[in-house]
Amino acid sequence: MNKNYFRYAVLAAGLLALIPTRLGTPGGFDLAGFAALPVLHEGRIKPLDTVARTSLLMIQGKQDLTDQGRATSASQWLLDLVAHPEVSDVQRIFRIDDPDVLGLLGKPGQERRYYSFMELEPSLKEIAAQGERAGKTPQNQRGRFEGAVLNLQDRLNLYQGLKNTLRLDGSRDWAAELDGYRSFLPVAQAAILAHTKSKGVGGKTMEQLNQFFQAYSFLSEASAFRALPPLEPGSKAGWNDIGASLLDELKGSPAHPLITPYAAMVTSYRQGDAAGFNHAVADAASWIGGRQSAAVSAAAREVWFNRAEPFYRGMILYLMVFMLVAVSWAWRPELMRRCALDLLWLALIVHTAGLVFRIIIQGRPPVTNLYSSAVFVGWVAAVLGLVLERMHRNGYGALVASVTGFSTLIIAHHLTNTGDTMEMMRAVLDSNFWLGTHVVTITIGYGSMFLASALAHVYILRRWLKGEGDPAVEKSLVSMTYGVICFALFFSFVGTILGGIWADQSWGRFWGWDPKENGALLIVLWNAVVLHARWGGYVRERGLMVMAVFGGIVTSLSWFGVNMLGVGLHSYGFMEGAFEWLFGFIAVELGVMGLGLLAVPMRQTAR
Amino acid sequence: MTSLQTTIVLLSLMMVLVVACTLAQTKLGTFGAVGAYMRSPFVYWRPEGASYKIPIFPGGGLVGLLLLINLAAAQFLRLEVSWRKAGLWVVHLGLIMLFAGEFVTGFFQRESQMILPVGGTRGWMQDLHETELALIDGTDKDFDAVFAISEKRLARGGAIADARLPFVLKIGSYESIPAPVGADADSDDIRVMVSLEKDGRTFGPWTLDSNTGQVATFTDAGRGYAIELRPKRHYLPFALTLKKFIHETYPGTDIPKGFASRVRVFDAAGNTDREVLISMNNPLRYDGLSFYQASFAKEDTVSILQIVANPGRLIPYLACALVAAGLLLHFAMRFRPSGASR
């Protein structure tokens with residue numbers, strides 16, 4: 001087979017992994033159109049598709065719903081929940097792991113981890129009572145049960161909020177009820193006027209008015225997002241929820257033109273009227289498009305980004321690169337290496353595109369929270385790995401790029417279940433300049449530390465498996481690791497210092513010994529130790545490699561460990577369950593260091 | 001031991017200290033842990049119930065000083081003067097400055113707070129860590145006569161008789177309870193029992209507590225007095241008035257978007273009288289002090305400003321620029337394509 005044809009075939013296989021998923025029109029309903037409608041949620045204008053994905057992720061821990069063998073997209077689930085919750089209530093989506101919480105629900109020792117709302121409903125009061133108790137305990141003194149019960153309560157609140165956002169949960173025909181309210185409005189306004197003039201008003205009218213008032217106040221309070229854009233074209237402030245807007249009508253404000261299409265949407269969906277639903281979606285989309293074209297195109301971009309899932313697909317591509325490099329050790333090394341390099345380029349393009357998309361959508365530098373730091377760490381490592389591959393051309397650059405790229409994207413994937421990964425920045429962090437300099441530089445430091453550690457793994461494992469191998473390869477690995485450590489020292493140092501300058505600018509302490517600052521300092525100190533030990537000749541190649549692996553441990557502690565302490569200004573991450581993983585990582589890495597120190601090839605030990 | 005070996009040992013010791021200090025923060029709070037591990041020459045161990053303490057490990061102060069000496073020695077005695085080492089020279093000079101800067105900060109930096117209600121004016125700031133006992137004679141309509149006794153003096157106990165004090169102050173007991181874990185304030189809880197004596201008459205005794213901040217009042221010879229424990233006050237040659245406090249959140253959420261205080265800065269001589277906006281990441285720098293928007297209280301009607309005086313605040317900026325430039329120079333020469341070795 002022609003070499004080039006083979007390369008093209010591999011590249012084509014990589015491209016196949018990039019085809020985005022489609023929402024389509026299940027049952028003739030224009031689900032894609034519904035999912036693209038922009039709303040205001042957690043302070044950010046985003047499409048319903050993102051609301052659906054992040055909500056489902058928070059409740060269930062996964063973005064796709066597979067309930068008893070039937071697959072459903074997140075948007076479909078949200079549409080069911082807002083319009084036809086009877087369907088959602090029996091889907092088993094609430095993931096509960098804590099044995100004590102299961103005991104509280106009267107379901108101890110069950111095999112199942114997922115429960116439907118219907119199954120939880122009898123225990124809602126008990127959960128709320130326990131949640132209130134747990135809420136009184138200061139956050140750093142909460143135990144496992146308290147954390148779990150509060151978490152379950154949050155998810156139940158989110159679920160019930162979503163039910164009561166586009167329609168009042170429990171209403172049979174929402175559109176008809178709204179018509180009833182609007183024909184009652186003139187009577188109600190006259191009654192209010194008469195009441196303020198303290199003339200006697202029929203008790204029945206006041207009672208009816210009170211009912212509407214209670215219901216719509218509840219709707220406004222429970223509402224999980226704001227669906228109604230401001231009336232002034234182009235305005236960014238003033239998004240409203242349906243309940244509040246309905247109450248405003250009592251005071252004589254004109255009805256918001258989007259209430260009717262949203263009511264038509266949920267009502268026709270309930271009634272199985274696809275044509276009516278599609279018509280209402282088109283109405284809503286064209287009205288918003290006329291007033292808020294920026295919001296509509298941003299929402300469309302974000303839906304596209306959600307469907308493209310660049311980081312998930314990047315992960316697959318990195319895995320393919322890894323496999324090609326592995327094959328290259330046994331079969332047609334040069335061709336396989338070239339194929340791996342082709343796919344590494346592709347993976348990096350996808351990864352970069354994802355980062356750029358996030359920057360555009362959020363209007364922020366690439367790293368804003370723990371999730372995006374993981375994505376960026378992987379990107380840095382992959383870029384550096386590619387540079388090394390171009391310089392050394394022996395497959396090891398591509399190998400470490402794919403391994404670090406893949407593992408950091410996996411880590412990022414598991415950091416998403418706290419909700420929207422593009423949340424708004426708290427006031428302290430609201431500075432694009434410092435986010436763009438300090439945070440980015442520090443994260444480049446992390447990425448290069450992990451890359452150096454990955455290179456050291458290759459060196460140590462190679463020696464263990466093959467004994468004193470090819471000196472050219474070993475020399476190349478040593479020089480790569482050394483270079484990356486120098487690179488890491490520079491960026492860690494500059495990043496740490498920029499952090500100090502930010503701190504001096506915002507609260508007057510250049511250095512506050514905050515745990516995260518200390519973590520960054522540890523990386524700098526360790527790199528300084530490594531380089532001085534190397535320059536003094538106290539460690540040779542093997543020692544340098546063992547020290548590089550330890551550098552990976554220090555970096556992981558700096559990156560995640562300090563978030564688990566729960567003190568200081570940087571403790572932003574929600575880190576339950578991550579502790580075991582970090583502990584396991586450190587144990588394995590210490591093992592690798594031991595292997596490096598022993599330096600006895602496997603074949604010899606076997607003898 | 002060579003200088004390089006010393007460096008490695010000291011850097012490793014520093015790493016151990018940084019880890020210990022970080023872990024200790026969950027128990028001692030940041031201020032306590034930094035004091036115990038970083039700013040102190042030794043890390044001490046106090047046996048259960050003992051009044052003495054034993055140094056068990058070099059502290060950050062000592063390790064830092066040794067690093068500084070070693071660095072200076074290596075720099076001026078060992079490191080050859082050549083273009084090849086120019087980068088390292090610059091790096092080491094920068095590091096020497098950085099260490100010196102941290103020592104300057106450790107000795108000279110003062111942090112205080114100003115708690116400003118909307119419409120209120122303050123010509124003083126209060127210490128974050130120190131408490132004082134204040135005896136206030138509020139009889140005169142236009143001014144208060146304040147007698148302040150420092151925490152250190154209170155700790156020594158006994159009686160204070162001074163011609164300027166209208167009474168003899170007797171300190172019955174003094175107790176200092178370390179700040180609880182995770183508390184916002186770093187100041188310890190001080191409890192004292194004091195009584196006042198004059199011409200054979202005794203007022204009190206009162207038990208005062210810096211945490212509850214209760215005020216005891218009494219009258220003597222037609223004059224009204226108040227006595228209380230309060231954060232130590234430092235008086236300023238100018239004053240700040242809070243015109244407005246702004247607290248923004250993202251719509252539909254509780255996520256804070258920004259805090260800002262609009263204040264009027266003025267002095268008695270009339271040399272300064274202007275309005276400024278102090279917000280997150282935008283401090284006011286005035287008269288050698290920096291005013292930062294730190295916090296707020298009482299449903300956005302009180303703004304809390306953090307005030308820092310640090311004469312060495314610019315040293316790290318210069319030091320870091322030097323180190324970064326030096327590293328860049330050194331690595332650029334080291335990794336030159338021509339392969340010149342280090």
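A salt bridge, as the term is used on this tour, is a side-chain nitrogen of Lys or Arg within 4 Å of a carboxyl oxygen of Asp or Glu. The model on screen is predicted, and the definition is needed at the first stop.

**The interface of chain A and chain B**

Select Asp504(A) together with Arg313(B), whose side chains meet in a salt bridge at 3.1 Å, N to O. Across the interface of chain A and chain B the rule finds one salt bridge, while the count of residue pairs in polar contact between the two chains, both at pLDDT 80 or more, is five.

Stay with chain A and colour helix 21 (471-507), helix 22 (515-535) and helix 23 (541-565), each of which supplies at least two residues of the side of chain A that touches chain B. Helix 21 of chain A gives the most to that side, with 14 residues. Sorted by class, the side of chain A that touches chain B has 33 nonpolar, ten polar and seven charged residues.

Now widen the selection to the whole contact, which takes 50 residues from chain A and 56 residues from chain B. The size of an interface is often given as the accessible area lost when the parts come together; for chain A and chain B about 4600 Å² is buried between them, with 69% of it on carbon and sulfur atoms.

**Strands 3, 4 and 16 of chain B**

Select strand 3 (residues 110-117) and strand 16 (residues 302-309) of chain B, which run antiparallel and are joined by eight bridges; in strand 16 of chain B, Leu305(B) is the bridge partner of Met114(B). In the hairpin of strands 3 and 4 of chain B, with three residues between the strands, stop at Gly119(B), which takes a positive phi near 85°.

**Strands 6, 7 and 8 of chain B**

Finish with strand 7 (residues 168-177) of chain B, which is joined to strand 6 (residues 158-160) of chain B by three bridges in an antiparallel run, with Ile160(B) opposite Leu169(B) in strand 7. Strand 7 of chain B also runs antiparallel to strand 8 (residues 189-198) of chain B, joined by nine bridges, and here Tyr174(B) stands opposite Val192(B) in strand 8.

Note on methods:
Residues numbered from 1 in each chain as written. Chains lettered and ligands numbered in written order. Predicted model: local features only at pLDDT ≥ 70, side-chain atom pairs only at ≥ 80, totals over all residues. Heavy atoms only, no water. Contact = heavy atoms within 4.5 Å. Buried area = accessible area lost by both parts, 1.4 Å probe. Polar contact = N/O pair within 3.5 Å; in protein donor to acceptor, adjacent residues only side chain to side chain. Helix = DSSP H or I, 4+ residues; strand = E, 2+ residues; numbered from the N terminus. Nonpolar A, V, L, I, M, F, W, Y, C, P; charged D, E, K, R; others polar. Pairing = 2+ DSSP bridges.
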